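Have the viewer open and follow along.

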Amino acid sequence: MNFPTHLDLIVPTFKALRLMGGSATPSEIAQKVIELENFSEDIQNEPQKGDGYRTKLEYRLAWSRTYMRKYLNAIEVKSRGLWSLTSDGFKVDTSNPEALIELVNKNKREENKNNKTGHQSENEE
């Protein structure tokens, strides 16, 4: 089974949130991503090792949301359990998933570099 990574799930998460009006709970996002990507029962139900309450897919979707928030400034938690696209998030171009993933990785490398040198990123100033 070829299981999607958290990076693979970023574009489907954008699509799901946009189709749901820009805000949704993690459970709603997961259900819409499953529908959009037509994931098999095996992918939907595989348990996450060491996590007794989430599936592997739910776990990776949580990481994709974290990366979208931290490295793209694309989503935020408006209230407990409700994730919403930011104004930047509505503008993100998802037509080239590889370029979007590279942008995430570039922003992550930059943040890691800044953390090592003691500089703050623009988002932290």
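## The sheet

How many bridges join β1 to strand β3, and in which sense do they run? There are two, and β1 and β3 (residues 82–85) run antiparallel. Strands here are DSSP E runs of at least two residues, helices are H or I runs of at least four residues, and both are numbered from the N terminus. Two strands count as paired if DSSP finds at least two bridges between them.

Put together, the three strands make an open, antiparallel sheet in the order β1-β3-β2. That leaves β1 (23–24) and β2 (75–79) as edge strands, each pairing on one side only. The β2–β3 hairpin has two residues between its strands, and G81 takes a positive phi near 80° there. As background, strands of a sheet pair through backbone hydrogen bonds, either parallel or antiparallel.

## Where the model comes from

This is a predicted model, so local features need pLDDT of at least 70 and side-chain atom pairs count only at pLDDT 80 or more, while totals for chains, interfaces and linings use all residues. Residues are numbered from 1 along each chain as its sequence is written, and side-chain values use heavy atoms, with hydrogens and water left out.

## Overall build

The protein has six helices and three strands, laid out along the sequence as α-β-α-α-α-β-β-α-α. Its C-alpha trace spans about 45 × 30 × 30 Å along the principal axes. The radius of gyration, taken over C-alpha atoms, is compared with a globule rule of 2.2 Å times the number of residues to the power 0.38. For 125 residues a compact globule would come out near 14 Å, and the protein's 15 Å agrees with that.

Buried residues make up 39% of the 125; buried means under 20% relative accessible area, exposed means over 50%, and partly exposed is in between (1.4 Å probe, protein chains only). Contact means heavy atoms within 4.5 Å. Of the contacts with a separation of 6 or more, 59% involve residues 24 or more positions apart.

## Surface and charge

The accessible surface comes to about 7700 Å², with 46% of it belonging to carbon and sulfur atoms. Those areas come from the Shrake-Rupley method with a 1.4 Å probe; for residues, only the protein chains shown count as cover.

As for charge, the mean positions of the 18 positive and 19 negative charges are 4 Å apart. Lys and Arg count as positive, Asp and Glu as negative, and His and the chain ends are not counted. Each charge is placed at NZ of Lys, CZ of Arg, CG of Asp or CD of Glu.

Start with L85 in strand β3. L85 is buried, at 6% relative accessible area. Skipping residues up to four places away in sequence, L85 touches F14, L17, R18, G22, A74, I75 and F90.

Next, Q48 sits in the loop between α3 (41–45) and α4 (56–72). Q48 is buried too, with a relative accessible area of 16%. Leaving out neighbours within four places, Q48 contacts R54, T55, K56 and Y59.

Finally, K15 belongs to helix α1 (residues 10–19) and counts as partly exposed at 39% relative accessibility. K15 and G52 are 37 residues apart in sequence, and their C-alpha atoms are 28 Å apart in space.
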